[in-house]
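Reader: I would like to learn how to read a sheet and then the overall fold. Please give the general idea first, then the case at hand.

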Amino acid sequence: MEVFDSEFTQRVIYGENSIDKLAEATTTLGGSRILIVSDPGIDEAGILNRAYSSLNSEKIPCYVFTNVDPNPTTKHVNAALEFAKANTPIDLIIGLGGGSAMDCAKGTNFLLTNGGKMEDYWGTSKATKPMLPSIGIPTTIGTGSEAQSFALIAQEETHIKMACGDKKAQFETVILDPTLTETLPRSVAAITGIDAIAHAIESYVSTRRNPMSQMFSLHAWRMLNSYYKMALEAKNVDARGKMLFGAYLAGLAIENSMLGAAHACANPLTTRYGITHGVAVALMLPHVIRLNKIVAGDGYNELYPDGNLADRIETLMNAGDLPNTIRQCDVQHAAKTTDITILAKEAATQWTAQFNPRSLGIHDFVRLYEQVY
């Protein structure tokens, strides 16, 4: 199945074994020398070989950079940039993997075409020159990076996450192939799936919500809520396909709206304690929903008219064997009060905090962190 998004002119190729259409998608965009940005796990899982096979069928040369770690920093982008320059000319970039690989691919596109450093593109629409055509191929079921024009890249020294956005950085083509998720471990499916669910919920009540973003959010939530438990099993390719598409729709919702306090709280947990992003978001989401309910209750009821949305999220978290407290994440705390104060101050400065439906102060963030300790 193929879909063309009317506003962003993004082509979406969806279905089992759609990775086989990579060569056709590449030539359609004029690609003849390809940079693939990925990670070692994708290579080990045999997914890179499937990409090679398609490109080789049309004798399209490709150069593969796989040194991307979770939560990519400027170090990873700069390394990918040097690799691309060493194999110039590159005329198309493919992001193959989870959100980290796709964000790194977008970051590389910024620097390869516009020069400078990632800090120069922190914000929106900072690229002044055209960027290379690109293809996004997610192999997890949660980030939604394939739908978005933003690259989330952390500064190597401070680990502060920079949201670098430009419509020119958005993938022109997205391939959603559920067979690429078959090697995804249950634990990773649980973590990335909850992240996608958080995207759908937070974008639905964001202060920047609008009819289009809410349409994407609502449809994404319904798919993700229905198929999350089934998608935890690798053999259920159909359920994972539904999650993959739901995550994409949630990504479109973010692109047309924004996120909220759960993501604002999650980033400091990842920066300070190394807690995986999806786990950090899951820890915060039920508590943020309960805090926001006084102003966003109607929206939450529209999403989940059958009961309490926060309780439903906790039920899904339990199904995925996700932790409910920071202490369950093997984080040691010598000074709890000091830690919470620092986390709260950092959360309040996060970009997404300003779009939360309820205006939050430092004391609110302190309360949220206290609830998850």
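Author: Strands of a sheet pair through backbone hydrogen bonds, in a parallel or an antiparallel sense. Here three strands make an open sheet of mixed pairing, in the order S6-S9-S8. Strands are DSSP runs of E with at least two residues, helices are runs of H or I with at least four, and both are numbered from the N terminus; two strands pair if DSSP finds at least two bridges between them. The model is predicted: local features need pLDDT of at least 70, side-chain atom pairs count only at pLDDT 80 or more, and totals for chains, interfaces and linings use all residues. Residues are numbered from 1 along each chain as its sequence is written, and side-chain values use heavy atoms, without hydrogens and water.

Reader: Which strands stand at the edges of the sheet?

Author: Strands S6 (123-124) and S8 (150-154) do; each has a single partner strand, so one side of each lacks a neighbour in the sheet.

Reader: In which sense do S6 and S9 pair?

Author: S6 and S9 (residues 161-165) are parallel and share two bridges. Gly123 has Cys164 of S9 as its bridge partner.

Reader: How many helices and strands does the protein chain have?

Author: The protein chain has 13 helices and ten strands.

Reader: What percentage of the residues count as buried?

Author: Buried means under 20% relative accessible area, with exposed over 50% and partly exposed in between (1.4 Å probe, protein chains only). Of the 373 residues in the protein chain, 60% count as buried. The C-alpha atoms fill a box of roughly 55 × 40 × 40 Å along the principal axes.
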